[in-house]
Structures are given as structure tokens and as C-alpha cells.
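Thank you all for coming; I would like to walk through one structure with you, and I will keep to a few places in it.

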Amino acid sequence: MELSIVSPVYQSAGSIGALVREITKSCKALEVEFEIILVEDGSRDNSWTMIEKECARDPRVIGLKFSRNFGQHNAIMAGLSYSSGDWVVVIDCDLQDSPDQIVNLYNEARKGYDVVLALREKRRDNYLKRLTSKLFYKCFSYLTDTDQDPRVANFGIYSKLVINSVLQMKDKIKYFPAMVNWVGFKTKKLPILHSTSQRGKSSYGILKLILLAFNITIGFSDKPLRLFALSGFLASFVSISLAFIYLLLALMGKLTVSGFATLSISIFMSTGMIIMVLGVIGLYLGKTFDSVKDRPTYIIQKAITPPFRQ
């Protein structure tokens with residue numbers, strides 16, 4: 001198998017047929033053997049019914065159905081684990097990233113790259129989505145000490161060596177772009193045209209994006225703990241310095257009685273900082289607890305595969 005195309009599916013019944021047709025068209029243009037892996041992530045619409053129809057129509061289409069919603073990146077990992085191609089393309093199902101770009105990605109990868117990422121030079125998302133995405137990537141890059149480009153998402157082509165390396169990572173919190181970034185390998189970014197989503201409203205609301213960003217940061221970095229440790233050190237240094245200054249003023253007879261406001265602010269600030277630090281430590285302990293339980297990150301309820309894969 002030369003090429004595997006993996007697409008996580010959520011609330012996208014209306015775009016599945018077009019997605020499969022466009023992918024098939026691109027792969028036929030390349031004249032390569034291919035398979036399409038659609039992972040249904042607990043949608044509330046009839047996405048799975050549409051996937052079943054595509055699987056019945058074309059044996060090259062593989063359908064995986066989760067028992068519930070486990071998240072986009074877990075769906076990607078499930079699809080990767082089923083892939084058998086020497087090259088694997090990951091593409092979202094809403095057709096914002098055009099499947100006809102698979103041809104360009106594949107041809108570029110054949111020039112000697114292990115990873116070719118689709119670079120969305122002009123995003124078609126609304127202003128709020130672009131702003132929150134940019135803020136997320138800046139914060140995530142800083143907190144994880146990595147270079148995350150907001151113009152790059154899941155869409156790209158990856159060699160089997162890269163995919164196998166990603167699958168070896170045992171992180172309970174999955175975030176595919178960061179995992180690809182971490183494993184390394186020779187990478188190229190290829191500018192592509194970004195389209196408007198056929199799904200309409202994004203499945204990621206503001207609160208869901210914030211929760212995702214928080215979980216990913218906790219899962220990929222201990223820098224928040226180090227920052228809080230530094231802030232604690234600075235607070236202690238300031239306190240010791242103020243105590244020394246007050247001692248000198250007292251010895252000089254120039255110390256006035258401290259006001260109630262100053263005392264109240266100091267108490268509330270120190271108490272709030274302590275509670276916040278303990279809260280962050282608790283979150284890390286919670287994630288450690290989840291890792292110790294070693295539960296699967298997804299459960300496949302149904303799988304439609306060709307006879308030779310069963």
C-alpha cells in the first residue's frame with residue numbers, strides 16, 4: 001500500500017461523500033494504491049450511516065466507529081494505527097483543506113522529506129477563531145518550549161517511519177501536531193489554499209478550545225510548575241527585602257503604622273497565590289493518576305475493513 005488517508009469525522013454527515021470522492025480523484029491522479037480511513041468520533045448526526053454507505057460502495061474505504069466522543073486527536077491516532085500505507089495523509093473531514101492538495105503534498109514528500117505540512121497562508125476562519133488560534137499557539141509554544149506555527153494544523157503527509165514514531169508515544173493526552181513536532185525528522189511546509197468549512201459552525205467552541213489548550217499544556221510541559229516556582233521565589237525575595245527595609249526604618253524610628261488596606265491586600269494576594277499553585281500541582285497529580293490507571297484513550301465500537309484486513 002502506497003498511501004493511506006486518515007480523516008477524523010465529527011458531525012459531518014453532509015461532507016463525507018464529497019470528501020471520499022475528492023480524495024479518490026486525487027489518488028487516482030497519482031496512480032497509486034490507496035486506502036481511506038474514516039474515524040467516526042461519536043457524532044450525534046448520521047455520519048456513521050454515511051461512512052457505512054461509502055464502505056459498501058468502495059472496499060478501499062475503512063470505517064471506524066468510536067463508542068462515544070473521545071476527541072479529534074484520539075480519532076487521528078486510531079486511524080493511524082489502522083493505516084498500512086508507506087505514506088499517510090491526515091486531513092480534516094470538513095473540506096476546509098482541499099483534498100486535491102494531496103497530489104502536491106505527495107510529490108513534495110517524494111523529493112526527500114519525511115513530513116510535508118500544509119501551510120494555510122490565508123485562513124478562511126472567522127476573526128475570533130483566527131485570534132484565539134493565534135493566542136493558543138503563542139502560549140503553547142512558550143509553555144512547551146517548541147515552535148508551533150498557527151498556520152499549520154493536522155493536514156499533511158507523513159512517512160511510515162514518522163507515523164510509527166508517533167504511535168510509540170504513550171502520552172494520554174494526544175495532540176497530533178505537537179507529537180509530530182516532537183519526533184523530528186526532515187520537514188517541509190507547503191503553502192496551500194484554505195477554504196470555508198462545509199460543516200458551518202466549528203465543533204470547537206471557545207470554552208472547549210480553552211479546555212483543550214489547558215489539557216495539552218499540562219500534558220506536554222511542566223513549565224507552568226517551573227513558572228510558579230519562580231514566582232514563589234520572587235515573592236519570597238520581595239518579602240525578605242521588604243522585611244529588611246522595615247527593620248531599618250524601625251531602627252531609625254521612621255516606621256509608621258501599616259494601614260489595614262495594605263495588610264488585607266498582602267493576605268489575599270499570598271493566599272490566592274498559594275491556592276493557585278496548589279491547584280496547578282493538583283492538576284498535574286490528576287493527570288498522573290489518569291496515566292497510572294492506564295485506560296485506553298479510545299474504544300472502537302465497530303470497524304468496517306476489507307476482507308484481507310480482517
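Predicted model: local features only at pLDDT ≥ 70, side-chain atom pairs only at ≥ 80, totals over all residues.

Let me begin with strand β5, residues 115-120, which is mostly covered, six of its six residues being buried. As a general point, in a regular strand the side chains alternate between the two faces of the sheet. In β5, Val115, Leu117 and Leu119 point one way, while Val116, Ala118 and Arg120 point the other way, and all of these are buried, the arginine included.

Now to the rings. A pair of aromatic rings is described by the distance of the centres and the angle of the planes. The count of aromatic pairs in this model comes to three. One of them joins phenylalanine 66 and phenylalanine 70, edge-to-face, with 5.5 Å from centre to centre and 90° between the planes. Phenylalanine 66 has a relative accessibility of 1% and so counts as buried; phenylalanine 70, at 15%, is also buried, because the cut-off for that word is under 20%. Another pair is that of tyrosine 158 and phenylalanine 176, whose centres are 5.1 Å apart and whose planes stand at 80°, so this pair too is edge-to-face. Since tyrosine 158 belongs to strand β6, residues 152-159, and phenylalanine 176 to helix α7, residues 176-183, the pair ties together parts that are 18 residues apart in sequence. Both of these residues are buried.

Phe66 and Phe70 also belong, with Tyr298, to one aromatic cluster.

Finally, tyrosine 137, which is placed in helix α5, residues 127-144. Is tyrosine 137 buried or exposed? Its relative accessibility is 7%, so it counts as buried. Beyond its neighbours within four places in sequence, tyrosine 137 is in contact with Gln148, Asp149, Pro150, Val152 and Tyr175. As for glutamine 148, its C-alpha is 5.9 Å from that of tyrosine 137, with the two residues 11 apart in sequence.

Note on methods. Residues numbered from 1 in each chain as written. Heavy atoms only, no water. Helix = DSSP H or I, 4+ residues; strand = E, 2+ residues; numbered from the N terminus. Buried < 20%, exposed > 50% of the residue type's maximum accessible area, 1.4 Å probe, protein only. Contact = heavy atoms within 4.5 Å. Phe/Tyr/Trp six-rings, centres within 6.5 Å; stacked < 30°, edge-to-face > 60°.
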